Amino acid sequence: MTLALPIILPLLFMVVLMFTRRLLVFQQTFSLIASIGLTVLSFLILQDIYQHGIMTLQPGSWKAPFGISLVADTFSAIMMLTTSFVAVIVMIYSPGFIDKERQTAGYYPLSFGLLMGVNGAFITGDIFNLYVWYEVMLTSSFVLIALGGSSEQLRGSIKYVTINFVASILFVAAIGILYGLAGTLNMADLADKMRNWEQGSYINGALMLFFIAFSVKSALVPFFFWLPASYHTPPIAITALFAGTLTKVGVYTMFRFYSLFVVFDQQFWQIFILVLAGLTMFIGVLMAASQFDIRKILSFHIISQVGYMVMGLGIFTVAGIAGAIYFTIHNMLSKTNTFLAGGLVYQRSGSYDLKYLGGLYKASPLLALLFFIPAMSLAGIPPLPGFFGKFFLIKGGFEAQQYFITAVAILTGLFTLFSMVKIWNEAYWKKEPEEVKQRDGKVHPSTLIATALLAVAVILLGVFAGPVMEVAMDAGRQMVDPQIYINAVLGR
């Protein structure tokens, strides 16, 4: 029953928090303890999988493919653990940044609703249930974006839900095609049957619909416009939670589907994925370089760095997949950390606009350090984890003789460094404008503690890159050999 707990527990936590919405201190304390509990549970699941292999659960004792399967391999367990840890940090940060009205209006139960959807997507073994968990995520995240009801938030939430609604329609259409062809939606059973089919054109048509839907969810080019139009509108604690979770679910499902279902025309799919990855990396980083709002710069970098993850999928070797997984862990931590550091800038100076910022290094070296660590990690400066993530991907690219996408990755890294240096020069290094001197705000202790804890985690991820990469290599081997997944689910 352990494998159902990452779904059941957030649901129970959400119910408890819904009935105690007015008890603010209880909400804050309970949410932190609950997210720590989910992190411990995810670690135990990962440890069990690493030692004993893929974990499965067939609720109601219905053997696959007749029931609803829950499946966790090393990759899905890594994603659950990282997501839960990000949630812990955001729960520490939130009381010091999000106003009491939002906190008592459902912020905490909605956050656990989001975590329930994310965990469900990571461990479901059924395509229709994957769609259901996507809708749970979409509903929770839509309300979180709109929470507070400002006109900017409502505009952002409408853009967010509209494009994701279109993606959901494509998702359902693809599900219908696959079910009509195979009579099953169990991922392992479907993957097993597809290896004996000759209906490649029909399968590729359904897969293209799936990949368009996943491209929207993960903000790949050309389906990324909703993200920078909406992520900067809610309080930055909510944006940080989204940055560490939502687009990564889209990337995860893209990896899962590519591994299991790309049986026909593999060369076409590899080229298609690599082209998407290269365009996403480069266009995202160029658009980030043109922005002057910290939140928008970081939002466009979410898009760019998703391209690195998908690059590993396009390479599709054990080394490429493992490098993408390590890079994903780094990005979930480092990107969340930069958003939280941006929130500290706002508390201190009252603005996210680089034109109205300056002098923060002199005013508070600690705030500068807390931005510098994750920013340099995103830029790929050694010995931080961003360097190792890019190194593993670039090494995998060279080994697979994918020289063009590797060159794009290196060039994108240089532009990423430019954006991070731009924020540093404008917000921390240049002379403090008079407007900032008149807005000398106080940084809340909880926001400072949360940002510092995550910065330490970023450093530790770089220090222990070797052991983490060993776990990622195990996940890569499972992904490259889908028969391991199929046999585990079908009980062979």
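Helix H12 gives the largest share of the lining of the second largest pocket, seven residues. Keep in mind as you explore that this is a predicted model.

**The second largest pocket**

Let's stay with this pocket for a moment. Its lining includes Gln270, Ile271, Leu274 and Phe282, along with Gln402, Tyr403 and Phe404. Which elements give two or more residues to this lining? They are helix H12 (266-289) and helix H18 (403-429).

**The largest pocket**

Now turn to the largest pocket, which is lined by 21 residues. Those closest to its centre are Phe43, Leu46, Leu81, Leu461 and Val468.

| Pocket | Volume | Lining residues by class |
|---|---|---|
| Largest pocket | about 640 Å³ | 17 nonpolar, three polar, one charged |
| Second largest pocket | about 210 Å³ | nine nonpolar, three polar, no charged |

**A look at Ser168**

Finally, find Ser168, which lies in helix H6 (residues 151-182). Is Ser168 buried or exposed? Ser168 has a relative accessible area of 4%, so it counts as buried, the cut-off being under 20%. Which residues does Ser168 touch, leaving aside those up to four places away in sequence? Its contacts are Tyr131, Glu135, Leu138 and Lys217.

Key:
Residues numbered from 1 in each chain as written. Predicted model: local features only at pLDDT ≥ 70, side-chain atom pairs only at ≥ 80, totals over all residues. Heavy atoms only, no water. 1 Å grid on protein atoms, 1.4 Å probe; cavity = no way out; pocket = protein on both sides within 12 Å on 5 of 7 lines; lining within 4 Å. Points joined across faces, edges and corners; volume = space filled by probe spheres on them. Nonpolar A, V, L, I, M, F, W, Y, C, P; charged D, E, K, R; others polar. Helix = DSSP H or I, 4+ residues; strand = E, 2+ residues; numbered from the N terminus. Buried < 20%, exposed > 50% of the residue type's maximum accessible area, 1.4 Å probe, protein only. Contact = heavy atoms within 4.5 Å.
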